[in-house]
Amino acid sequence: MTSTLDDHWRALVSTALLGTDRREPPPAPPGLLADLAADDIQRDAPGRVLQQAAAVTVARRGGLASSALPDDGRLSPPPSDGRPVTSPSATHLWQRMVAWWPVLEDEWLSAVVATGRRLSPELVVPLLARHRGNPSRHELVRVAAGPLAEWLIGWSARLGPTSRRPVAPESLGVLPELSVTPDLVALLAVGPDEPLAPSGGALGELVGTLVIGPLHAGNFAAGHVPVLTNVMARIHPGVLPLIDDALREVLRSPTAHPAASAVASPLRSLVGLRRQLLADLGDHRVGDVPATMPQVPREEP
Amino acid sequence: MPDVAENPSLQPWQVEQVYAVSPSAAATAAAEALVVGGRWASSGCDGRAVWGRCSGSNAEPYDCAADYRMLRYRCTCASRQVPCKHVVALLLMWARGRVPAVPPDMPGGPRGHRPHWLMRWLDEVPVATGSAMSPMPIAPVDAAVDLIGSPDSATLDIPDGDGLARDALTSDERSPDDRRARDQKVRSTAAGLAEFDRWVHDRVRSGLADPSLAHPSAWDDAAARLVDAKAGALANRVRRMGAAPVSRAGRRSGIDARVADAVTGTASLEHMLAELSLLHVLADAAQRLDTLPPSLADSVAIAVGWQVRQADVLAGVPETDDWIVMGRSDTREDRIEVRRSWLRATSTGRWAMVLSFAAYGQALDDSLVVGRRLHADVFRYPGALALRALVGRVHDDGDADDDAAHLGAADLAWTADTAGACAEVGAMVAAEPWIERVPVCVVAAPCRVRHGWGLADHAGVLPLAVDGDALGVLLACTAGGPLPIMCEWTPSGLLPLAVFLDDRAVDIGPVADPAFVSGGLARTVAL
């Protein structure tokens, strides 16, 4: 029956392609299609083609059946990777990050590797595709994704790097330098892995002096946001809770300069997301450090 | 002279009564052979007569009628028998409920629904009071006319639009103006569908290789006429055909490319023929809704584009259950982005489809996140499958931190193997042959097939209709192994919408162009 149906369908397609003015519709094969033709007599040739085509279409769709698996059809799985995968919330945070603060992505990828995790599978393809033009980042993604990345690239060359330039292993995980104005360079002097006093220590005071105080006074305008963004993306994670609280105070303070909120709002969004990203990965450097920012002018009672 | 004694509540004859008036057993046997729907056109009956046109050996169909109040018969065939086999066949069809009743209050004057030749013939002999042999019900006709309501928005089902439900009043409840407006819309839609069906016939007559079909304008023009006829859903399907690959190939280099495409693009031509044939079926069915079973008539009406008001759906009886959002898929329909969210009831396994629409710059509803569970009232639109639904009151939408929102293995108990998925698709196609998407959830692994990819399990392989990032994410999530995968069956293959891992649901369905709609979408949810 299947071959009869297929033959009839091919004849109908040929007729429809040429038109019934040039070719007569094929007779319905014996069986249900012939019964249909007898029960529902069509007066013209196009009607007969359409009737039979509809019947064959419904029969083929309704009679959908799975076919046999080809011998070489089954996929060999990638080698196993024992590292725990990043959480579902990490995926959600990554989506927010690439949409709003892609400047954080390098640090996040490095933190995934540093904390002994691997990328959750739904992130591997978008990350490989996103960074295929940047050999260093692409390599970092491959390390973070493990054998799954190589397995996927084997199936789709589109996920492979566009350049075959080798990447030095020691350069992996080294964060690219971001441009910062000379007056703020001191904020990045403390390395991200250096220990920090619980209250932020000298760095905390420096943040108050160089960022929060001038921000409150209106010395920063919206044009300074890109530079301050770079500072917040690279500053030691241990002071992020302090900065978050201080920015909140600035936004609440009635004595803050009117221009301060235009700068403080995006910075607080960035700082909050960076804290979430690192905390989600279990990064010990971000914790709830007590907020002590004496440099922030308080409201008058 | 008016037929003052006509009774619209008369019942059709019994088959035995028809046999009784047949001139001979041979005539009865010959008549039985003519009792097939395809032979008859323009048939109808009312409180006095039954009539129709029968295709016979002659090139011109025979006009047949029976004045069953005065026991008179008429046919344009050459037979000397009265009633002839054609009239006996007509009476048999009427007795078996296969002749549509026509309401007596159709506009156009008294008995304006009858053909002119019939009116002249009936007027020859006025009805004598009390001469009825049996009463005939007219209510089903009115109900059928109610079904083809009065949509004001032609392209898509806009919530709370003017529609079917407003017309779901009895004739007595409608004002004469309402009735006239409704009848005008019904006639307009029927005329538009008939015109479209002629257009389809002409395309098949002149051939699908006609270069004019390579231009989207050919399809857009046909779609525009359907929009004018208030058949918006049908118009959308026509418009989509104008964007088919075969058309683009032909458009690039004219007829030569088109003919060449006949060799290389057979699949596209096959799709075009299949779609045209189903559109023909829909257009034909929509012109005779009154002869269809009610649920099928509802399905046809909705597939054509007639609408049901949201308020009327919400006035129905809800299905209260734990629903899992199994998948989501965005598609552009002309200038509207449409989001389908597929829900599945945990207790019955029944599917429900919730639609959301957004024009340029608007946001689609993102409240139904794939992988979430909600305890809610779901109200279904009418139809044979009744897949489309609205979410009413949500009793518990347990957020991500709530245990109630976390799915367990039992929640995915309704998954099937590929053979079961085929059976589900078959059942839904049988119920609504024009259906374009059927939800299925299979536990299967991606695999290579001859020309692409498939989903395989112990029962076999079903082809996938996906590529690009969605295929990559599917491969990454499954790593070549079996997992529960929610798909939409389409005529081109399975379109995977979501993958369910142990600890998360990953939404891999097609996403609306962010340049067209606003808002974001959570694509991974913890389970």
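Mentor: A hairpin in chain B joins β11(B) to β12(B) through 2 residues, and in this predicted model the two strands, β11 at residues 452-457 and β12 at residues 460-463, pair in the antiparallel sense over 4 bridges. Within that pairing, B:Asp457 stands opposite B:Gly460 in β12(B). As background, strands of a sheet pair through backbone hydrogen bonds, either parallel or antiparallel.

Chain B also holds an open sheet of 4 strands, with the order β1-β2-β3-β4 and antiparallel pairing. Because β1 (40-45) and β4 (72-75) of chain B stand at the edges and have a single partner strand each, one side of each is left without a neighbour in the sheet. From one strand to the next, the twist averages 5 degrees. Looking at one pair within the sheet, strand β3 (residues 62-67) of chain B is joined to β4(B) by 4 bridges, the two running antiparallel, and here B:Ala66 stands opposite B:Tyr73 in β4(B).

Two helices of chain B can be described against this sheet. Helix α3 (residues 85-95) of chain B packs on it, touching β1, β2 (49-54), β3 and β4 of chain B, and the direction of helix α3 makes about 60 degrees with that of β3(B). Helix α4 (residues 116-123) of chain B packs on the sheet as well, where it touches β2, β3 and β4 of chain B, and its direction makes about 35 degrees with that of β3(B).

How values were computed. Residues are numbered from 1 along each chain as its sequence is written. Chains are lettered from A and ligands numbered from 1 in the order in which they are written. This is a predicted model: local features need pLDDT of at least 70, side-chain atom pairs count only at pLDDT 80 or more; totals for chains, interfaces and linings use all residues. Two strands pair if DSSP finds at least two bridges between them. Axes are lines fitted to C-alpha atoms, for helices over the stretch in contact, and angles run from 0 to 180 degrees between N-to-C directions. Two residues are in contact if their C-beta atoms, placed from the backbone, lie within 7 Å.
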